[in-house]
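Trainee: I would like to learn how to read the aromatic rings in a model such as this one. Could you take me through them with the structure in view?

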Amino acid sequence: MDRKTFLLVANKITSLITVITLLAVSLPFSAYAADAPETVFSGDIGAGAILNNIDYSDVKGTDVWSKPAIYEAGALEVIKGFGNMNRRFGRTDTLAREEALSVVYRAAGREAEAQIAGEALNNARTDKKTDALQVWYDGFLQLAANDGLITQQQLADALNADQSSLDGEAFKRKGAVQRQEMAYWMAKALNLQAIRGQQDILNNYLDWRSSDPEKVPFIEAVLQNRIMNGDGSGRFNPAKPVTREQAAQIVKNAEAQVLAALKYDKMTGVVEEISSTGDYSTGTGLTGKNIDVRSSAGTIHRISTQSFETGKNEQKGNTVSETRELVVYKNGNIGDSSLLENGDRIEYITRTSDKAVKYINVLSNINEERYVAAQISSVDPANRLIKVMQFFRMDFLDPALLNRNVSFNLGNESQKYTYRYSSNIYVTVNGSRGDIDSLSPDATVILTIDAGNTVTAIQSADFGINSEESTIVKGIVEDNNPELGYITLYNEDGTGAGMNSVMQLAALRTYNYINRNDLEVFRNHSTADIDDIQTGDTAFLKLDDVGNIISISAVDNYMVKYGRIISKLPGEIAVEYKDGMQQILTVGRDVLFIRNKKLTAFDSLRDGDRVKLLLNITNKATDLKEVTIEGDEHFISNIYKGEVSYMNEMSDKLILLNMQVFRDGAWERTGRKGFTSMPLSDEYRIYLGDSIYDIEKVNRLLAGNEAYIAVEKDYGGEEKAVLVSYRFADDTEVRYTDNITVAISGSASFGLSYEDRSIGYDAGSIVVKNGRLVSGGSLSENDRAYVVANRSYGTGYFNAGVVLVEAAVDNGLTQIFRARIKAIDENNSFTVESFSQLIGTDWEYCNTPKTFSLTFDTRLLGDDGVLNMRDFKGYGDDSYLNRSVYVVSDGTDALLVSTASYGTANVKGTVFEISGGETGEEGAILAEPDYLRLRDTGIYNVQDFMWDAAKEMSIDIPDNTIIIKDGKIIKPSEIENGDDVRIIKKDTGLTGDAYIILVEN
């Protein structure tokens, strides 16, 4: 087309668009068309040629899984067919290396650059190639060598005219490309950041070690960007060839990077109006369509197609027409704009430079399919039924496009609904193809439902509170305050919100509403008031542009229950509810633990803790979601013994005579003479052995008998009895102060180090540990305990009446770990790959990662003493990555990190000499002591679980020694003569370095 003809046609197009725009404003079109277009896009002048090229004989009319990817890659001209008369795509043909390089460079928008390089190579030859495609492949190979995708030797092999002469190790251009090569080239061509160090995804595959080490960081990059995946059976298959259809899917998976490289944009919307256009005023027909699309942002985008005459064919004389059409993929078919209908939900890819539409993918039609966000209740595969709790409708399947296209009002639809799902249902979990069995119970999903109410697709979805940009958030209601106008949510997995949320301890996020009267509120899909939203509800919030709530939909699928921790086991807790019922609950990794309104960890939970539990109770299971731990309101303040004359049922009081208190393993008189009254707690229990008694039965059968009484203080400081345990009058009481050496779960008994007998316990035994009333199952080996036992007159069997476990050295939440550092987020946190925790005299190993937060109080002890926390980093010559350290923590807060050596030997003794330090004239410590001498020493025998007496010891204190006293980290100068200490060191010798010193006064 010459310049004059081109300008004439361009003016006609401009005139047509002007006429269309005027008509859109002035003529009485439908209500949809009343909006003026925000942007006008045009069809692509090359659409006709593309449609002809991608009319693949081995793809059309089939139902192959790769069809959408093949057509999109073809429409974007990244992967082309063979171009023969049959127009084959060659779906299952292996992709040659030269083809693979052409794909990655076309995907990167560098095809023209490769063609220039190929032409330059060919021009330098005396025997020039005549096949243009082979010349261009030469250019792709040259570009790959320039960019380091292949080596210069591989380039030389590829350009060798006699490919048959190459040996098996040579780089053959027509050889099948391996998956690891494709991953490496895609990552480098698309400028993906190589991921080095500890791999996150690749090393989960069984065959990851067979990957080329040079390519591993780039394979990890494409895996993390979900460009490539495993085969579903735990393998990546690095050396397997790539087929052409797999290459098309790889390009599709890399859509975000490919579109950016090609300078294309992708949008989503619904076709609202299709109208014909025409202009015959110039004598040459100019016809087309206006396709008005309501974009996901709510504005109108107009896509205009045109067909116009450009002149005559100089060989045949017939009229030649030019078209600006669309490449449209719909319901498995490829075609032009004639496939589009009102109501079609579409994705449209446009070229930034000239706003031409390159490709349209029809997702569905609003009149034929609907999308519903829901939570799975149960799945019945035998009958293909799925029960769900429905939340809201969506206009678009992509959760990222929610914006204003969500309705919480489901109309007459039920909250709980049962659908039949299709036999060939398409399931996507976290972006990967799955099946119906891969959906986790209670998963949040988006259902695609056809006109016959059959679910045809299920996609997992995450509507958490973490995203700052999301306009739809989902969480569990922690607090609803209509007076102050806010709702606080937390994620089901316990994570918080805001910037760097993963590293914050804040577990909650608060959302405000300006005017409660303007809120749209639904509860269980019925119109409700904001006051109806309750703690424990699952709630969806719809937010405006500044993050304020404009609509709420909540359902009450959670239950709050109160109870007491009977015992804590790895991954489980046994809890007793207020009604006396007991239950064992599994503690998943996503359970949220809160103490004093701050996120804490499972480690901080103690036997006997009073807790508020948030439970999701279904017919299948009870799922624990949140544990709120009370403070010190229910510590056992004292244990008494006395003769219970009677119980006053009217006032709920005990009347006691000769009351004694238990102190340091002995009974002491209280000083109260005569009768003493003691109130009963609201939750009191009375036992004789394993049998629970009521007041009437006690007064009738046990009046005047002796009992043990555990008491706690109320808010006013008054002591109240929580457990009253009667003893049989004929039994003999004995007392022990000793270490527990045998405590077998389920045996209802324990053993002591100096007593060759078993002591039983039952429901009536008063067992106090960490200040809490617990069950006997909470007793552990190495617990130091005061025991009051009763020897049965009839059987001689010993049964515990009272077991008071001394507070551990790491009291409060202070704990000591030994671990290897896996990752460091500088100044925020660090993660260890596994750890051992100091429990008594043993290190208990746990093969799971653990993350500690770095605070302003965290100290770093190196070989030369206290270091600056700025030195605690994961790079450089002094990197702490992969170093083994001790960590002293308060919950998840790291208090101290020490590089001291690993010690397993335990010794103990009493300090009688401290030396090596230097004190100034006014008592200031100028240098810390570095030497201790101990008397009355013992060495812990790991075979006999006993302390063997030893001679005096001389112990050195290096600069990185950890010293703890009363649950606090102290300096060597704070150790005093007379302190009883336990020391962890390398061996059991009488000399050596102390790695950890625990002051056990």
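**Reading aromatic rings**

Mentor: In this predicted model, one aromatic cluster is formed by Phe-817, Phe-830, Phe-835, Phe-852, Phe-872 and Tyr-880.

Trainee: How many aromatic pairs does the structure hold?

Mentor: A pair of aromatic rings is described by the distance of the centres and the angle of the planes. The structure holds 20 such pairs, and one of them joins Tyr-205 and Phe-236, which lie 6.2 Å centre to centre with 45° between the planes, a tilted arrangement. Tyr-205 belongs to the loop between α8 (179-189) and α9 (216-224), while Phe-236 belongs to the loop between α9 and α10 (244-253), so this pair ties together parts that are 31 residues apart in sequence.

Trainee: Are Tyr-205 and Phe-236 buried or exposed?

Mentor: Both Tyr-205 and Phe-236 are buried.

Trainee: Why is the pair of Phe-750 and Tyr-761 called stacked?

Mentor: The planes of Phe-750 and Tyr-761 stand at 20°, with the ring centres 6.5 Å apart, and planes under 30 degrees apart count as stacked. Phe-750 lies in strand β39 (residues 749-752) and Tyr-761 in the loop between β40 (758-760) and β41 (766-769), so the pair ties together parts that are 11 residues apart in sequence. Phe-750 counts as buried at 2% relative accessibility, and Tyr-761 is buried with a relative accessible area of 14%.

Trainee: Which charged ends sit over the rings of Tyr-184 and Tyr-886?

Mentor: Over the ring of Tyr-184 sits the charged end of Lys-215, 5.1 Å from the ring centre, whereas the charged end of Arg-818 sits over the ring of Tyr-886, 4.4 Å from its centre.

How values were computed
Residues are numbered from 1 along each chain as its sequence is written. This is a predicted model: local features need pLDDT of at least 70, side-chain atom pairs count only at pLDDT 80 or more; totals for chains, interfaces and linings use all residues. Side-chain values use heavy atoms; hydrogens and water are left out. Rings of Phe, Tyr and Trp (its six-membered ring) pair if their centres lie within 6.5 Å; planes under 30 degrees apart count as stacked, over 60 as edge-to-face and the rest as tilted. Helices (H or I, at least four residues) and strands (E, at least two) are DSSP runs, numbered from the N terminus. Buried means under 20% relative accessible area, exposed over 50%, partly exposed in between (1.4 Å probe, protein chains only). A charge sits over a ring if NZ of Lys or CZ of Arg is within 6 Å of the ring centre and within 35 degrees of the ring normal.
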